Every structure is written in C-alpha cells, then in structure tokens.
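Student: I am new to this structure and would like to learn how to read it, one feature at a time. Could we start with the charged side chains and then go on to the other features?

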Amino acid sequence: QVQLVESGGGLVQAGGSLTLSCAASGRILSINSIEWYRQAPGKQRELVAGLSSDGDTDYAHSVKGRFTISADNAKNTGYLQMNSLKPEDTGLYSCNVEVVIGPEETWNGWGQGTQVTVSS
C-alpha cells in the first residue's frame with residue numbers, strides 16, 4: 001500500500017514563500033505524475049501545477065512564474081515551491097500522485113491536504 005504525507009503549509013505574509021512537500025512511501029518503483037491542487041473557501045478545487053515522468057510541467061495561469069513544481073525520485077517526494085505569494089493563493093493544497101508499484105500496475109491517490117494562508 002502507498003501512503004502520501006503532505007507538509008509545508010502555514011501562514012505567510014503576502015510576498016512571502018512556502019515550499020510544500022508530498023512524500024510517498026510504500027512499494028513504489030517510480031513516480032508517473034505529481035499534481036498539486038488547491039481549494040479556496042467557497043470555490044471549486046483547481047489544478048495549480050503538474051509534473052509528468054518525462055519532466056513536462058504545467059501551471060495554472062495565475063501561478064506561472066511564481067510557483068515551481070519538482071520531484072526527487074530518490075526520495076519519492078514531490079514539491080511545490082511557492083514564491084511571491086498573494087492572498088488569493090490562500091487555500092487547502094492537496095497533492096495527487098500516480099506511482100508505478102509493479103509491472104503494468106499503478107496506484108493513484110491523494111495527500112491529506114495542507115492549509116496555506118496568505119495575509120495581506
């Protein structure tokens with residue numbers, strides 16, 4: 001079984017930075033993809049950033065140039081570096097990860113979520 005543990009959220013002033021981590025543990029051969037989502041109060045969950053196994057990245061327009069998604073395959077951990085944070089970045093951030101756990105077998109799951117609050 002694979003488990004995901006998120007960390008790194010918190011309260012930060014506008015203009016500040018945070019780095020979120022999403023650590024996967026268990027029977028993992030490799031990471032296929034990592035995605036970070038956020039959900040602000042009263043709003044739908046949105047995709048913030050994505051990273052595929054071939055290194056392709058995708059960002060929401062609102063975070064381009066400020067957020068960077070990355071992964072350390074040796075540690076089975078994904079990261080979201082967030083710079084120049086704005087109050088509108090406030091929300092519950094969750095990672096979604098797909099990993100390879102065996103020949104032609106993958107696992108997909110969600111982290112528990114970590115709260116990011118940006119004060120003005």
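Tutor: A salt bridge here is a side-chain nitrogen of Lys or Arg within 4 Å of a carboxyl oxygen of Asp or Glu. Please keep in mind throughout that this is a predicted model.

Student: How many salt bridges does a search of the whole structure find?

Tutor: Side chains of opposite charge can pair when their charged atoms come close. In this model, a search of the whole structure finds 3 salt bridges, and Arg-38, Glu-46, Arg-66 and Asp-89 are linked by them in a network.

Student: Which side chains meet Arg-38 in a salt bridge?

Tutor: One partner is Glu-46, whose side chain meets that of Arg-38 at 2.7 Å, N to O. Another is Asp-89, which forms a salt bridge with Arg-38 at 2.9 Å, again taken from N to O.

Student: Is Glu-46 buried or exposed, or something in between?

Tutor: Buried means under 20% relative accessible area and exposed means over 50%, with partly exposed in between. Glu-46 has a relative accessible area of 32%, so Glu-46 is partly exposed, whereas Arg-38, at 5%, is buried. Asp-89 and Arg-66 are buried as well.

Student: Let us turn to the strands. What is the order of the strands in the open sheet?

Tutor: Strands of a sheet pair through backbone hydrogen bonds, either parallel or antiparallel. The open sheet in this model has 4 strands in the order E1-E3-E8-E7, and their pairing is antiparallel. Its edge strands are E1 (3-7) and E7 (67-72), each of which pairs on one side only. On average, and with direction ignored, neighbouring strands of this sheet are turned by 15° against each other.

Student: Which cysteines form a disulfide, and how far apart are their sulfur atoms?

Tutor: A disulfide is a covalent bond between the sulfur atoms of two cysteines. A search of the whole structure finds 1 disulfide, formed by Cys-22 and Cys-95 with their sulfur atoms 2.0 Å apart. Cys-22 lies in strand E3 and Cys-95 in strand E9, so the pair ties together parts that are 73 residues apart in sequence. The torsion about the S-S bond of Cys-22 and Cys-95 is about 60°, which is why the disulfide is right-handed. Cys-22 counts as buried at 2% relative accessibility, and Cys-95 is buried too, with a relative accessible area of 0%.

Student: My last topic is the aromatic rings. How is the pair of Tyr-37 and Trp-110 arranged?

Tutor: A pair of aromatic rings is described by the distance of the centres and the angle of the planes. The count for this model comes to 1 aromatic pair, and that pair, Tyr-37 and Trp-110, is tilted, with 5.0 Å from centre to centre and 55° between the planes. Because Tyr-37 lies in strand E4 and Trp-110 in strand E10 (residues 105-110), the pair ties together parts that are 73 residues apart in sequence. Tyr-37 is buried, with a relative accessible area of 17%, while Trp-110, with 37%, is partly exposed.

Student: Where does the charged end of Arg-45 sit?

Tutor: The charged end of Arg-45 sits over the ring of Tyr-37, 5.6 Å from its centre, and also over the ring of Trp-110, 4.1 Å from the centre of that ring.

Key. Residues are numbered from 1 along each chain as its sequence is written. This is a predicted model: local features need pLDDT of at least 70, side-chain atom pairs count only at pLDDT 80 or more; totals for chains, interfaces and linings use all residues. Side-chain values use heavy atoms; hydrogens and water are left out. Two strands pair if DSSP finds at least two bridges between them. Helices (H or I, at least four residues) and strands (E, at least two) are DSSP runs, numbered from the N terminus. Axes are lines fitted to C-alpha atoms, for helices over the stretch in contact, and angles run from 0 to 180 degrees between N-to-C directions. Buried means under 20% relative accessible area, exposed over 50%, partly exposed in between (1.4 Å probe, protein chains only). Rings of Phe, Tyr and Trp (its six-membered ring) pair if their centres lie within 6.5 Å; planes under 30 degrees apart count as stacked, over 60 as edge-to-face and the rest as tilted. A charge sits over a ring if NZ of Lys or CZ of Arg is within 6 Å of the ring centre and within 35 degrees of the ring normal. A disulfide is a pair of cysteine sulfur atoms within 2.5 Å.
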